[in-house]
Amino acid sequence: MVRCTCWFAAAVCAAVVCGGVPPRAIAAEEIVEPADVYVISVALVRQLGDEQFSVRESATEKLIKIGLSATKALEEGTKDADREIRYRSERVLSIVRELDFQQRLDAFARSEVAEQDFGLPGWNRFRTALGDSAELRALFVEMQKSESEAMHALEEGPKAAAEILNLRTTQLQLSMQLYRHQLTLGSIAALIFLAGDDEVSVSQQASQSLYSFCYQQSFRTAVQNGPKNEAMRKLLGNWIRRGEGFSAYQGLGLAMQYDLKEGLIPAEKELRNHGNQAHITQYAILTVAKLGDASHVPLLERLLDDATRCTSMRINNRNYETQVRDIALAALLHITKQDARKYGFDRLQTHPQIVFNTTTVGFEDDTKRNEALAKWKAFRETQTKNE
């Protein structure tokens, strides 16, 4: 038999443990200093199935007041033979956990102790990867509010995180397409955070969905000029750096759009491994041109022998072809701050986001192209002599 240390717990034991008449309704003032919260909670759970509506409602309110301490009794109640007890136990348990979650979120938001996570999953990973400024903490709170399950999955391991990433990107994509829903910043940020973890495998479908989310107005505003723009830039850059292949291509576009230096990581990788499709190589070159510096000259020079055709067009009865080496040369001239027109790029048009329009850097024939390449070689020899 359960030992009872107060008159009320003894009464509960007599009714519940030893068998007997159902326990009477418990007054709020009696839940002051319980000797055994579990026993009291069990009694209240039984009252969730009482014939009187007022008793059921009263028991519900009292269990919510008890909070997490009633968890064990409520979990048992979710398996009870009485359908009403099962239903109410599940409902109360959900409310209790949500209230506890909100309290921990509020405490986290108020705290200035970086190491204290208040039981919120993912914080240590988040601050290790991105930092723990007030702005980042505020973003983390939004992520928890919108995607607490996804954040929890990351703590369970990379496999669980990858599964929920695929699931949630699919669900949100459908929500956008079918109902034209605008996604919350917290949802987009949380899923990008998962995708930025080196141990989490990101499918091509999930990656494409995430990139489409980045064009949602809430996200664009946050990255450009919102109160959390620096935090969002860090978050986005952390994901872009992982890009490969087509994922890199999409990420490089965002890196150039928002001037994210992290875009140099996949760009450099693409150019070193050189052999991907021409459109990916083009974007990698443009990213280096926009975000790189003189240290990237040798990397771009490796492409000056690449005659892969990118585009061709006819203007005023003249055929112009743009090759990979043309784009590389134009990028080199941009980095070294030279006038491209002096190298024969008479049609070159600059672009605020991608440095220049690649279709405007082609040549009519190899004669003019070789003249431009020879001029670059002479420039480099002069540089070497002066160093």
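**Ground rules.** I worked from a predicted model, in which local features need pLDDT of at least 70 and side-chain atom pairs count only at pLDDT 80 or more, while totals for chains, interfaces and linings use all residues. I numbered residues from 1 along each chain as its sequence is written, and the side-chain values use heavy atoms, with hydrogens and water left out. For helices (H or I, at least four residues) and strands (E, at least two) I took the DSSP runs, numbered from the N terminus.

**Entry 1, α5 and α7.** I looked up how helix α5 (residues 83-110) packs on helix α7 (residues 134-156), and found an angle of about 170° with the axes 10 Å apart; the axes are lines fitted to C-alpha atoms, for helices over the stretch in contact, and angles run from 0 to 180 degrees between N-to-C directions. The two helices are therefore roughly antiparallel, given that angles under 35 degrees count as roughly parallel, over 145 as roughly antiparallel, 65 to 115 as roughly perpendicular and the rest as oblique. I listed Phe101, Leu105, Phe108 and Ala109 on the α5 side, and Arg137, Phe140, Val141, Gln144, Lys145 and Ser148 on the α7 side, where contact means heavy atoms within 4.5 Å. By class this contact of α5 with α7 holds 6 nonpolar, 2 polar and 2 charged residues, with Ala, Val, Leu, Ile, Met, Phe, Trp, Tyr, Cys and Pro counted as nonpolar, Asp, Glu, Lys and Arg as charged, and the others, Gly among them, as polar.

The α14 side of the contact is made by Leu264, Ala267, Glu270 and Leu271, and the α15 side by Ile280, Thr281, Ala284, Ile285, Thr287, Val288 and Leu291. I recorded 8 nonpolar, 2 polar and 1 charged residues for the contact of α14 with α15.

I saw strand β1 (residues 309-315) pair with strand β2 (residues 318-323) in the antiparallel sense over 6 bridges; two strands pair if DSSP finds at least two bridges between them. Arg314 has Asn319 of β2 as its bridge partner, and Ser312 stands opposite Glu321 in β2. The hairpin has 2 residues between the strands, and Asn316 takes a positive phi near 50°.

Most residues other than glycine have a negative phi. Phe118 is partly exposed at 23% relative accessible area, whereas Val355 is buried at 10%; buried means under 20%, exposed over 50% and partly exposed in between (1.4 Å probe, protein chains only).

Asn238, in helix α12 (residues 229-240), counts as buried at 12% relative accessibility, and touches Ala129, Leu130, Gly196 and Glu262, not counting residues up to four places away in sequence. Glu76, in helix α4 (residues 71-77), is partly exposed at 38% and, with that exclusion again, touches Tyr38 and Val42. I also noted that the C-alpha atoms of Glu76 and Asp365 are separated by 81 Å, the two residues being 289 residues apart along the chain.
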